[in-house]
Amino acid sequence: RRVHGGNCVSRGRPMFVWLAVLIVSAPSIRVVSRPERCSRSAVVGDTVTVQYEGYLNSVEGVLFDSSITRQPMTFKIGSGEVMAEWDEGVLGMCVKERRIVTISPNDYADNEYENIPADSFLVYKIQMLHIA
């Protein structure tokens, strides 16, 4: 057997090869600012409090959600209280750190959020306020 042009060939006859691939995309995470000193960073199981703004498609896009006009959001990392991409986006953050977390439209159900148009990227500006 030899591979030829992406096909597997045996005794001169092409053989069909099936390959199953599971594509799991991770959120894009960009650190905007990080304090010089970080005595503790967030890990799975920590309860964190964050301030955030959510935009459609870019940080210059339409603001669709914000904790700034309400209370900061508190959740336990890894508990399923927020989207898995949020859990991943805050892992390793320090208090006062700011990040931009971008979530692909492939990573959430279109019908999951009533005020978000289908196929929109969700772009969150997140600031860590507290880790417990």
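Guide: Welcome! A residue counts as buried when its relative accessible area is under 20%. Keep in mind that this model is predicted.

Visitor: Why is Trp-86 called buried?

Guide: Trp-86 has a relative accessible area of 5%. The cut-off is under 20%, so Trp-86 is buried.

Visitor: What makes Trp-86 and Phe-75 an edge-to-face pair?

Guide: Two values matter here. The ring centres of Phe-75 and Trp-86 are 6.0 Å apart, and the planes stand at 80°. Rings pair if their centres lie within 6.5 Å, and planes over 60 degrees apart count as edge-to-face. Both conditions hold, so the pair is edge-to-face. Phe-75 is in strand E7 and Trp-86 in helix H1, so this pair ties together parts eleven residues apart in sequence.

Visitor: Is Phe-75 buried or exposed?

Guide: Buried: the relative accessibility of Phe-75 is 1%, and the limit is under 20%.

Visitor: How many aromatic pairs does the structure hold?

Guide: Five. Another one of them joins Phe-64 and Tyr-124, with ring centres 5.8 Å apart and planes at 75°, so this pair is edge-to-face as well. Phe-64 sits in strand E6 and Tyr-124 in strand E9, 60 residues apart.

Visitor: How do you know that Phe-64 is buried?

Guide: Phe-64 has 17% relative accessibility, and buried means under 20%, so Phe-64 counts as buried. Tyr-124, at 6%, is buried too.

Visitor: Now for charged side chains. Why is the contact of Glu-97 and Arg-34 called a salt bridge?

Guide: The distance from N to O is 2.7 Å. A nitrogen of Arg has to lie within 4 Å of a carboxyl oxygen of Glu, so this contact qualifies. Glu-97 lies in the loop between helix H1 and strand E8, and Arg-34 in the loop between strand E4 and strand E5, so the bridge ties together parts 63 residues apart in sequence.

Visitor: Why is Arg-34 called partly exposed?

Guide: Arg-34 has 44% relative accessibility. Glu-97, at 0%, is buried.

Visitor: What makes Arg-34, Glu-97 and Arg-99 one network?

Guide: Glu-97 also meets Arg-99 in a salt bridge, at 2.8 Å from N to O. Both Glu-97 and Arg-99 are buried. Salt bridges that share partners join Arg-34, Glu-97 and Arg-99.

How values were computed. Residues numbered from 1 in each chain as written. Predicted model: local features only at pLDDT ≥ 70, side-chain atom pairs only at ≥ 80, totals over all residues. Heavy atoms only, no water. Helix = DSSP H or I, 4+ residues; strand = E, 2+ residues; numbered from the N terminus. Buried < 20%, exposed > 50% of the residue type's maximum accessible area, 1.4 Å probe, protein only. Phe/Tyr/Trp six-rings, centres within 6.5 Å; stacked < 30°, edge-to-face > 60°.
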